[in-house]
Amino acid sequence: MANTEHAAAAHDDHDHKPHGFWGRWLTTTNHKDIGTLYLVFSCVMFFLGGSFAMAIRAELFKPGLQFLDPALFNTLTTMHALIMIFGAVMPAFVGLANWLIPMQIGAPDMALPRMNNFSFWILPFAFTLLLATLFVPGGGPAGGWTMYPPLVLQTGSALPLMIFAIHLMGASSIMGSINVIVTIMNLRAPGMTLLRMPLFVWTWLITAYLLIAVMPVLAGAVTMLLTDHFFGTSFFNAAGGGDPVMFQHIFWFFGHPEVYIMILPAFGIVSEIIPTFSRKPLFGYDAMVYATASIAFLSFIVWAHHMFTVGMPLASELFFMLSTMLIAIPTGVKVFNWSTTMWKGSLSFEPPMLWAIAFLFLFSIGGFSGLMLAIAPADFQYQDTYFVVAHFHYVLVPGAVFAIMGAVYYWLPKWTGHMYDMKLAKWHFWLSTIFVNVLFFPQHFLGLAGMPRRIPDYATQFADWNMVSSIGGFGFGLSQLLFPLLIWQCVRGGAKATDRVWEGAHGLEWELPSPAPYHSWTEAPSLAVLEHGAPSHDTHG
Amino acid sequence: MMTKTSRISIAALAAAGSMAAPAAQAAWTLNMTPGISAMSRAIYSLHMLMFWWCVGIAVVVFGFMIFSLVRFRKSTGAVADTKMLHNTRVEIVWTLVPVLILISMAVPAARVLVQTEDLAGAKLTIRVTGYQWKWGYEYLDSGVSVLSTLDRDSNHARELGSGIDPNTVPNYLLSVDHPLVVPAGVKVRLLITSQDVIHSWWVPALAIKKDAIPGFINEAWFDIDADKIGTYRGQCAELCGRDHGFMPIVLEVKSKQDFEQWLKSQQETAKQAAPAAG
């Protein structure tokens, strides 16, 4: 170990960083630089998508239309979803994968560095196309991120731009996934068998396969929209012998695995953080891996639970109801394992642990409403209401987004070499956690009381909870401004971080110096380095 | 046990329930309406069954987590048991117990689901057609048809910057010029379709939400309790364009006799109007 450190220190001055701002960031093939690019991009998109959400909550603050024309409102909900899913959450996970997978498996870089650069630099172009739709004749896409025909075919000039943007995002995701799979399969340090990999690496491996499986399906679906609109085909047009419901089947065959693409890496992150701050190895490591794989498998056979009201045959409704309920089993296993990891641990509550604990509770609430939504007859009442909005925001915001926040607070000292302002980080956490519940919990009530989603104005009996929800929304949005401030401070300076950073931290990335050198593990480490210090997966099996 | 707990919650939410009260729902509503038919009540009980299961599981799981968070703190001197890696017996239990719970949920859910598809014995058929942005209703055997659009007052008040306070408009956004009139105590079949994009016909009091899809016809049925005469409101539930939020559904439930009378008067009007129009 000492040797590696010395070598890294000696190389600090000539680490072959490209010179100049553009030379460094535009042409970089370094996994850490590309990881940073992804994370910065994701943060920008998070605030852009968030500002759209603020506009939506401002309009919904009270009944009556105050600010937004209904068409613009629909554009904002559509763009909010597309930006948050494809611009904020997915690139954040790819950024984390870039930074961490090579360091965690003892690889010098990603296996395909030039493709890595390409897959990132596609994204700014994709989102330029998507955002350009706000300024074209007919306005931006307003048919919802689900793009159901025939409605979406009423979009103006924005339609082809949106479709090409989605093609580009899909290409970027597929390349990113290929890179992750090739890296994990080929560049692991000697002795790191699959069942010794950190859980974050495992969940990303499975996620990458999901992405490769379903992004082409989405590309196919939107291409059919394109040909229906411009080339006279009738895939989704009943008058021409097509079927508008077929789009929904194809879309959700992509869409449901997509949901897990946005949560499996979060599971991986939480599985890293909880053992560290419990000072105890993850309970049931093997079960966690198998549960993740089961969730991924089930994600392919449950898609039509998004479509219980389209009028499917009884047999289909029964099948999709039962298959969806099955997901509760592996998800339950994961939650029980995380809880049991804390049992008989020695817990401390640094910021990453706070986010992980909030994840456990609040993601579970999203899981409960998910179980309720699986019950087809009850879903007739929930479908397309604010109950669904509350459900998926619980799994995506205090689920995926909180895990990403936790990950940044966990690994930031390793990336920058500095500790961040713990007090400010705790403020960020507590404000976010309180406001996210004020924002989304009342939406359950609104949905049950009968408020449909995607409406710019509502009947007066929905006024009270909407006002509460909007106040929560503004509070949550403002609290997030602390995040870039805190990161900026941490990049600029701060107390020197130790190599291990957290007392209970365990894994190859913590054996590297802080900040991690530009090139790390240029020689494959021996897993023997893990045997000192904190307990590990290695002791298992 | 379930019915007792559900009843408590009904009591708590009595003010909110739009059960027989035709007036607008009260503010701060927390829960779903039990509705006005045996089917809507069955769905409501399923919802409450699921809700209480979730509450029960949450109490156990969150309780376990909270206990750990309090009991095993480093600051109070807790030492980690680093040998605790897995436990096959416990893991089998927490895989099998959820399976049993899920089965206990799936059985009643499947039973209700089968009933929702049982259209046998419907005495009256109404075709529901979604348009951007209104609903059309046709009573198939009597040739009566109704076009139902957002009422004038709501339509003025909802304009951007109208200056009209929505609170002054009765049933803001939930009232129409011509409601859908239906009889209580009769099994009614709906044939639901659309002329343009996909809409979704939703009346919470009936627990019916069914998509209206161009080129396809979906079926649904309801049988309202004979004593639930009154007005019930719903909305389009599938995003259908600019005015998706402004195509409400109003259901006027009449007694069987009143309904027959209404239908007859509509037929007369239609007959008188027909030659004039021709």
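**Helix 3 of chain B and its surroundings**

Guide: This is a predicted model. Helix 3 of chain B has 29 residues and runs 42 Å from its first C-alpha to its last, close to the 42 Å expected at 1.5 Å a residue.

Visitor: Which residues of helix 3 of chain B are buried?

Guide: An α-helix has 3.6 residues a turn, so residues three or four places apart point the same way. The buried residues of helix 3 of chain B are Trp94(B), Pro98(B), Leu102(B), Met105(B), Ala109(B), Leu113(B) and Thr116(B).

Visitor: What covers the buried residues of helix 3 of chain B?

Guide: Part of the cover comes from chain B itself, through helix 2. From chain A, the cover includes helix 11 (314-326), helix 12 (328-342) and helix 14 (376-382).

Visitor: Which element gives the largest share of the side of chain B that touches chain A?

Guide: In the contact between the chains, 82 residues of chain B meet 78 residues of chain A. Helix 2 (38-71), helix 3 (88-116) and strand 7 (208-212) of chain B each supply at least two residues of that side of chain B. The largest share, 14 residues, comes from helix 3 of chain B.

Visitor: How many Å separate the centres of domain 1 and domain 2 of chain B?

Guide: The domain assignment of chain B gives domain 1 as 38-77 + 87-116 and domain 2 as 124-268. Taken over C-alpha atoms, their centres are separated by 37 Å.

Visitor: How many residues does each domain of chain B bring to the contact between them, and of which classes are those of domain 1?

Guide: Domain 1 of chain B brings four residues and domain 2 of chain B brings five. On the domain 1 side, the classes are three nonpolar, one polar and no charged residues.

Visitor: What does Phe359(A) touch, not counting residues up to four places away in sequence?

Guide: Leaving out residues up to four places away in sequence, Phe359(A) touches Val270(A), Pro398(A), Gly399(A), Phe402(A), Ala403(A) and Gly406(A).

**Strand 9 of chain B**

Visitor: Which strands of chain B pair with strand 9 of chain B, and over how many bridges?

Guide: Chain B has five helices and ten strands. Strand 6 (residues 199-203) of chain B pairs with strand 9 in the antiparallel sense over two bridges, and Trp201(B) stands opposite Cys236(B) in strand 9 of chain B. On strand 10 (residues 249-254) of chain B, Glu252(B) stands opposite Thr231(B). Strand 9 of chain B and strand 10 of chain B pair in the antiparallel sense over five bridges.

Visitor: How many residues of strand 9 of chain B are buried?

Guide: Strand 9 (residues 230-236) of chain B is largely enclosed by the rest of the structure, because of its seven residues the number buried is five.

**Backbone details**

Visitor: Where is Trp133(B), and what is omega of the bond that joins Gln132(B) to it?

Guide: Trp133(B) is in the loop between strand 1 (124-131) and strand 2 (134-139) of chain B. The peptide bond joining Gln132(B) and Trp133(B) is cis, with omega about 0 degrees.

Visitor: Is Ala207(B) buried or exposed?

Guide: Ala207(B) lies in the loop between strand 6 and strand 7 of chain B. Its phi is near 55 degrees, a positive value in a residue other than glycine. Ala207(B) has 29 C-beta neighbours inside 10 Å, so Ala207(B) counts as buried.

How values were computed. Residues are numbered from 1 along each chain as its sequence is written. Chains are lettered from A and ligands numbered from 1 in the order in which they are written. This is a predicted model: local features need pLDDT of at least 70, side-chain atom pairs count only at pLDDT 80 or more; totals for chains, interfaces and linings use all residues. Domain bounds come from an automatic or database domain assignment. Two residues are in contact if their C-beta atoms, placed from the backbone, lie within 7 Å. Ala, Val, Leu, Ile, Met, Phe, Trp, Tyr, Cys and Pro count as nonpolar, Asp, Glu, Lys and Arg as charged, and the others, Gly among them, as polar. Helices (H or I, at least four residues) and strands (E, at least two) are DSSP runs, numbered from the N terminus. A residue is buried if 20 or more other C-beta atoms lie within 10 Å of its own, exposed if 12 or fewer, and partly exposed in between; C-beta atoms are placed from the backbone. Two strands pair if DSSP finds at least two bridges between them. The expected span of a helix is 1.5 Å times one less than its number of residues.
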